[in-house]
Amino acid sequence: MTGGTEAFPDLGRHCQLSDCHQLDFLPFQCDGCRKVFCVEHRSYKSHECPKSDHNSRKVVVCEICSASIETTGRDGEQDQKLLLEKHAKSGNCDPRKKKKPTCPVRRCKEILTFSNTSTCKTCQIKVCLKHRFPADHVCRKPTAAQPSLAGKAVSWNDKFMAAFASREGKECGKSARDSKSSASSAPSVRAY
């Protein structure tokens, strides 16, 4: 079946769907089956294209190490199994990699992902967003291997955080001398 009209025989094409054959002046060629269709039947689903997944991509997840392996839609079920077997034999498949990193704070089981991870500026530990502040994750002072605040202009906030971290559970305003003397002597005011 040719397209067009008597005056313009090369203009337009007929839809190649067996039930349609409509003359379309702006036909669409399916990139899967390479047939020509009208506007109504141009989608893969509407003309039931046998090669509809030729351009699609799929991700197969390894059940051993949770690694994701990208494949094309042309690969069938057998090809995906072969791909997983090849991955398992490659040496990159390590069951220890399956465990996801979790927040190191005691009793917190939050899995750390790229969107909910915060790195502490003081101790460089990666924690979840709930424990991002130094007071929430038992922040430790930086070690000698980590850069210190010496040599930089120190802000009042850094000074406060350093003083707060150095308390180590002591009560504010009481020195060690005051706490020893008050424990041994009787209170100055008696309560009845």
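Helices, of type H or I with at least four residues, and strands, of type E with at least two, are DSSP runs numbered from the N terminus. With that in hand, let's start the tour of this predicted model.

**Stop 1: the whole chain.** Switch to a cartoon view and select the protein chain. You will find three helices and eight strands.

**Stop 2: the surface.** How many of the 192 residues, as a percentage, count as buried? The figure is 20%. As for contacts with a separation of 6 or more, 15% of them link residues 24 or more positions apart.

**Stop 3: H41.** Next, select H41 and zoom in. This residue sits in the loop between β4 (36-37) and β5 (57-61). Is H41 buried or exposed? H41 counts as buried because its relative accessibility is 11%, and the cut-off for buried is under 20%. To see what is around H41, show C15, L17, C20, S46 and H47: these are its contacts once neighbours within four places in sequence are set aside.

**Stop 4: R42 and F28.** Now select R42 together with F28. R42 lies over the face of the F28 ring, 4.8 Å from the ring centre.

**Last stop: aromatic pairs.** Finish with a look across the whole structure. How many aromatic pairs does a search find there? The search returns zero.

Conventions. Residues are numbered from 1 along each chain as its sequence is written. This is a predicted model: local features need pLDDT of at least 70, side-chain atom pairs count only at pLDDT 80 or more; totals for chains, interfaces and linings use all residues. Side-chain values use heavy atoms; hydrogens and water are left out. Buried means under 20% relative accessible area, exposed over 50%, partly exposed in between (1.4 Å probe, protein chains only). Contact means heavy atoms within 4.5 Å. Rings of Phe, Tyr and Trp (its six-membered ring) pair if their centres lie within 6.5 Å; planes under 30 degrees apart count as stacked, over 60 as edge-to-face and the rest as tilted. A charge sits over a ring if NZ of Lys or CZ of Arg is within 6 Å of the ring centre and within 35 degrees of the ring normal.
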